[in-house]
Each structure stands twice: as structure tokens, then as C-alpha cells.
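Reader: Let's go through this one together. Start wherever you like.

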Amino acid sequence: MPDQYEGIRNLSPIAVLAHLGFDGPWKARKGGQEHSGKCPIHGSQKNNTAFSIHEDGRYACFSCGAKGKGCLDLVMAVKGVGFKEAVEFLQAYVGSPTFVAQARKPEIKQIQEPVEQATENPPFASTYEKFQVESAWLTARGFTKDTLDLYKVFEYRNDKRRSQYNGSVMLRISRYSDGECVGYLSRNIGEITPEKPKYRFPANFRKGLELYGAWQIKNDSRQVQPLRLIYLVESPFAVLKFAQLGLPAVSPFGWSVSSEQIDILRSLARGVVFLPDRNKSEEAGQYVAELAHVMWVKAPALPLGCDDPEHLDEKTIRSLTGAS
Ligand SMILES: [Zn+2]
């Protein structure tokens with residue numbers, strides 16, 4: 001059956017957004033086929049790239065979770081109106097004097113950004129995963145094969161190559177927007193020295209743009225999102241442990257939380273239970289206040305004798321957070 005609304009559905013989405021009063025600035029991606037900028041749907045002032053829109057009409061906001069395809073969906077979402085009203089709006093637009101010029105050649109204001117201010121971590125290619133070996137260290141720490149496979153965590157050994165990572169445990173970091181590998185966090189499981197620190201981040205990796213474990217939760221179709229609550233823990237290994245207990249958790253790679261990480265948290269869940277390690281709980285306190293602006297937050301103290309949430313059992317975690 002022909003779609004009588006096809007014409008207005010397939011208008012240039014950038015031109016329609018301009019008509020709605022949102023004229024960017026847009027940042028081009030994918031050879032100019034896609035544009036990203038502030039979200040016209042939830043009206044974010046903070047995140048400049050949360051919203052992306054493709055020339056073919058597909059759009060998505062990873063901050064508020066809005067997504068759809070075509071100008072009818074778009075108008076309904078931006079104006080908060082129903083189908084009929086959106087049709088009328090677009091038909092009026094098509095009949096308006098501004099239409100011809102805009103629809104043929106939308107004027108796109110581009111942001112000129114220096115390369116070092118990229119808003120995404122670039123993809124990272126490596127062969128580490130091909131050289132994974134059975135890991136007594138990971139087994140002793142209590143991780144199952146399923147958990148390690150899901151998060152792509154493994155011990156790397158390739159004696160033919162002189163690498164500072166040889167013999168380390170590697171934790172793949174998956175980009176939140178699309179799951180692309182952006183590098184590996186490595187954990188030295190041998191002697192720790194100033195030259196061989198416990199953890200190494202990939203060169204030039206901007207950790208504030210990613211939240212460890214967030215992609216796995218976003219990609220889990222068994223869970224209705226946004227979740228009711230999510231656990232925010234300091235260490236990526238605690239994320240694995242919680243996942244193994246069936247508890248959704250993410251880590252900001254430490255105890256400080258960036259505004260981009262807060263955006264990701266908010267797109268995944270309505271509430272957050274913040275469980276920093278005991279020695280960092282005071283410094284972490286300032287982030288509780290920031291989180292509380294956008295979602296509900298609980299920050300219960302760890303039980304006496306426990307310094308790291310990785311060592312908690314499921315029952316204790318649930319009682320601690322009132323989430324039983
Ligand atoms: Zn949004």
C-alpha cells in the first residue's frame with residue numbers, strides 16, 4: 001500500500017529542524033551523511049553531540065534515548081504533538097515560501113573543531129584478542145567464562161612480540177555509541193613498580209567519554225531500558241563481578257564522573273546506586289550532588305570490613321541499596 005505521507009516523511013530532516021527553530025550548529029559525520037548536535041527533543045544544553053540525524057531521516061539521541069525515522073516522527077518528538085498535528089505542520093511547511101530554498105539546499109552550520117577536541121574516542125585496531133591464554137589469575141578472581149567473553153576480558157600472551165602488555169590482563173573498552181573497540185585497559189598481574197603500574201590506559205584515550213560496561217547494558221535486549229537502577233562502581237572488575245550476580249553496573253574508570261558519563265548513566269537508568277571504594281568515598285561525594293540533578297541517587301556506605309564492592313555478595317548489595 002503506498003504511503004500517502006511518504007513525501008513529507010522524506011523531507012530533508014535538517015531543513016525541517018531549521019523550520020522548527022533548531023538550526024544547529026551541526027557537526028558532520030560519515031562523509032556529511034550524518035549530523036550531530038544538541039538534542040532538539042530533550043533540549044540538552046550540555047552535550048553537544050548526543051543527538052545525531054542522518055540524511056535519510058533516521059535520528060537518535062543517546063542522552064534521552066529518543067529515536068525514530070522520518071520527518072513525521074521527528075516533528076512529533078520535537079513538538080510533542082500527535083500524528084495529525086505533525087502532518088498538518090509539515091504540509092503547511094511544504095506550502096510555505098521558505099520551503100523550496102531550504103529543502104533543496106539546507107544551510108548547515110558546521111562547527112570547526114580542532115582534532116584534539118574530538119568528541120569520540122577513535123576506533124582501535126589490535127590483535128590482542130587473538131593471543132589470549134587460559135588465565136589462572138582471572139579464574140582465581142572468580143570470573144566465569146561467560147562473563148569474560150561478554151566483556152572481552154582476557155590474559156594476553158605473545159612472547160614473539162616485545163610488548164609492555166605481554167602477560168597482562170586486557171579489558172576491551174567498547175565505545176558507548178556503537179560498541180566499537182576504542183582500546184584496552186591493561187591490568188598488570190605481575191610485579192607492580194613505578195615503571196610497570198597496576199593499570200595502563202590506551203594512549204590518547206579519553207576516559208571521561210566512556211563508561212565501562214555501559215555498552216553491554218545498552219546492547220542487552222532482555223532488559224527494558226531505561227533500567228530502574230544501575231550500580232556505579234570504581235573498578236571495571238567490580239562491573240564484571242556485579243554482572244555475574246545479575247546486577248547492572250558500570251565504572252567511570254575511577255571515582256570521578258564526567259558530564260558525558262552522567263549523560264550515559266541517565267540514558268541507561270532512572271536511578272543510580274553509587275558505590276565507590278571506601279578510600280575514595282569522600283572525594284566521590286561531590287559527584288553524588290551532580291548526579292542528583294538528573295536522576296535519583298543512593299550512596300550507601302560499604303559495610304565495615306569491606307573496602308571494595310567487588311567483594312560483596314548479592315544479598316549484601318541488595319540489602320545495602322534497598323533494592324531487594
Ligand atoms: Zn535527547
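**Pocket, strands, helix and loops**

Reader: How do the residues lining the largest pocket divide into nonpolar, polar and charged?

Author: There are 13 nonpolar, nine polar and 11 charged residues in that lining. Nonpolar covers Ala, Val, Leu, Ile, Met, Phe, Trp, Tyr, Cys and Pro; charged covers Asp, Glu, Lys and Arg; the others, Gly among them, are polar.

Reader: What are the ground rules here?

Author: The model is predicted, so local features need pLDDT of at least 70 and side-chain atom pairs 80 or more, while totals for chains, interfaces and linings use all residues. Numbering runs from 1 along each chain as its sequence is written, and side-chain values use heavy atoms, without hydrogens or water.

Reader: Back to the pocket. Which residues lie nearest its centre?

Author: Ala-60, Cys-61, Phe-62, Ser-177 and Lys-218, out of 33 lining residues. The space in the largest pocket is about 860 Å³. A pocket is an open set of points on a 1 Å grid over the protein atoms alone, with protein on both sides within 12 Å along at least five of seven lines; a cavity is a set where a 1.4 Å probe fits but cannot get out; lining residues have an atom within 4 Å of a point. Points join across faces, edges and corners, and volume is the space filled by probe spheres on them.

Reader: Which elements give two or more residues to the lining of the largest pocket?

Author: Strands E3 (51-54), E4 (58-61), E5 (67-69) and E13 (269-275), plus helix H10 (259-268). E4 gives the most, four residues. Helices (H or I, at least four residues) and strands (E, at least two) are DSSP runs, numbered from the N terminus.

Reader: Which way do E13 and strand E11 run, parallel or antiparallel?

Author: Parallel, with six bridges joining E11 (residues 227-233) to E13. Leu-229 has Gly-271 of E13 as its bridge partner. E13 also runs parallel to strand E14 (residues 296-298), with three bridges. There Val-272 is partnered by Val-297 in E14. Strands pair if DSSP finds at least two bridges between them.

Reader: What is the strand order in the open sheet of five strands?

Author: The order is E6-E7-E8-E9-E10, with antiparallel pairing. E6 and strand E10 (199-200) are the edge strands, each pairing on one side only. Inside the sheet, E8 (residues 169-174) and E9 (residues 181-187) pair antiparallel over five bridges.

Reader: Switching topic. How many cavities of 30 Å³ or more are there?

Author: One. The largest cavity holds about 50 Å³ of space. Its lining includes Tyr-151, Arg-172, Leu-211, Trp-215 and Gln-216. E8 and helix H8 (214-218) each supply at least two lining residues, and E8 has the largest share, with three. By class, the lining has five nonpolar, three polar and one charged residues.

Reader: On to helix H4 (residues 83-94). Which of its residues are buried?

Author: Ala-86, Val-87, Phe-89, Leu-90 and Tyr-93 are the buried residues of H4. Seen down the axis of H4, they fall within an arc of 165°, so they line one face of the helix. The arc is that of the directions from the helix axis to the C-beta atoms.

Reader: What does the face of H4 turned away from the buried side carry?

Author: The exposed residues Lys-84 and Ala-92. H4 has 12 residues in all.

Reader: What is the phi of Lys-152?

Author: Near 55°, a positive value in a residue other than glycine. Lys-152 lies in the loop between helix H7 (145-151) and strand E7 (153-156). Its relative accessible area is 36%, so Lys-152 is partly exposed. Phe-253 has a positive phi too, about 60°.

Reader: Is Phe-253 buried or exposed?

Author: Buried, at a relative accessible area of 7%. Phe-253 is in the loop between strand E12 (249-250) and H10.

Reader: Last one. Where is Thr-127?

Author: Thr-127 is in the loop between helix H5 (99-104) and strand E6 (132-133). It is partly exposed, at 33% relative accessible area. Thr-127 and Tyr-156 are 29 residues apart in sequence and 9.9 Å apart, C-alpha to C-alpha.

How values were computed:
Expected span 1.5 Å × (residues − 1). Buried < 20%, exposed > 50% of the residue type's maximum accessible area, 1.4 Å probe, protein only.
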